[in-house]
Amino acid sequence: MNQTQPYSARTVYWLLAVGVLSFAAAAYFMIYAQSDVGAAKANAFSYSAIGHRALVDTLRALDIPVVVSRADSPAKAGSESLLVVAEPRRKSWYTDTIGAARRAESVLLVLPKWDGFKDPARSHWLWIVGMLPTDYIESILQEVVPGGTVQRSTPTRWHVGRFGVTPAIEHPQFIASSLLDPVIWTDQGVLLGVIRQGYQTVWVLSDPDILSNHGLGAGDNGVLAVRVLDALRPLDGAVIFDETVHGYWQPPSLWRSMFELPFLIPVILTFVAVFVLAWSATGRFGSPLPARPGLVPGKTALIDNTASLLRFGGHGSAILKRYTDVTLRDVAHRLNAPRRLEGPDLIAWVDRVGTTRGATKRFRDLQDRADRLEVNVRSDAPRLARLARRLYQWKREIIDGS
């Protein structure tokens, strides 16, 4: 390991991996951590019998815009959407949700009816279910209908008006109030009524069984629930279920938006770019490499550069062939070979002289080896260098006798 580098490459990779995973886990829990308040109770997240998840999924399947809101629900609804406050459990729900300057113009209040205990074996199911006392429900109703009362009785005759569908409810509960204009009612009381307060219209549904998970499939309740919500929402508006009244408040988050479409795509591309940048930098981890020396003036540097260019171009075998021919002519000139000799005759003459002078190699053998190397253009440089060195040694032996 480099003395100037405190960690090995493997240790650095492990540290980076642990750091990235730790950051990802912390970001996930910071962004997506969700309270389990009433997960099996009456809310739009619940799959239990008294939950509303089936209604949300049904509306979406029918292409009705649905928003399950966890912050600023009245502002999201405004004058263009229907705000649904389904089965609030706090007596001050009106002030906390749609009161003061945050009012939505169209609101559907669904009164609570059931409560229960969570199943220990299945966290999203209920183990025991029972009806809430009517005086508790009345305290929630009277936030918008002063003096209104709640009663449970068997209906004698339904009046469903424009909806044309009769509810199928076991043990229905009704509202009794002169302030409420009935929309769906019986002789025993009002199931769906409306009260207007200034520019705000509040619809009140006395019994949640027509839209809860367990009651949506009974009779024509599913048809009635969809028709009611579709009729109450402004033209082409959304149905906004407020979940802050159930403890699911969550403020808007830039971090959470980054990991949701359409912002998720550029975020992924950014992470990929950062990863590629970090990956390209891993090869330079540690102390910087020393700078390469500059070119040294002189013949040696020139020869080295020329040799490097020739080797890079793959011309080694051609150069060796030319060096072989030049060596033969130089030896013939130094030994005063007859001028009429050329080609094989000259080679035979030179080899006879070499034998006389005690040369250990014959030129013909060296030339054959050079010709064989010439066939393979990509012959490696060490073999070419060795053969060139042997030609030089043969030249010194035949000329100098050593």
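Residues count from 1 along each chain as its sequence is written, and side-chain values use heavy atoms, without hydrogens or water. Because the model is predicted, local features need pLDDT of at least 70 and side-chain atom pairs 80 or more, while totals for chains, interfaces and linings use all residues.

**Stop one: α6.** Select residues 221-232. Helices here are DSSP runs of H or I, at least four residues, and strands are E runs of at least two, numbered from the N terminus. Its buried residues (under 20% relative accessible area, 1.4 Å probe, protein chains only) include Leu224, Val228 and Leu232.

**Stop two: α10 and α11.** Now select 316-334 and 343-356: the axes (lines fitted to C-alpha atoms over the stretch in contact, with angles from 0 to 180 degrees between N-to-C directions) come within 11 Å and cross at roughly 60 degrees. Leu328, Val331 and Ala332 in α10 meet Leu346, Ile347 and Val350 in α11, contact meaning heavy atoms within 4.5 Å. By class, that's six nonpolar, no polar and no charged residues (nonpolar is Ala, Val, Leu, Ile, Met, Phe, Trp, Tyr, Cys and Pro; charged is Asp, Glu, Lys and Arg; the others, Gly among them, are polar).

**Stop three: α10 and α13.** Residues to show include Tyr323 and Asp330 of α10, plus Trp394 and Lys395 of α13. This contact has eleven nonpolar, four polar and three charged residues.

Methods:
The expected span of a helix is 1.5 Å times one less than its number of residues. Buried means under 20% relative accessible area, exposed over 50%, partly exposed in between (1.4 Å probe, protein chains only).
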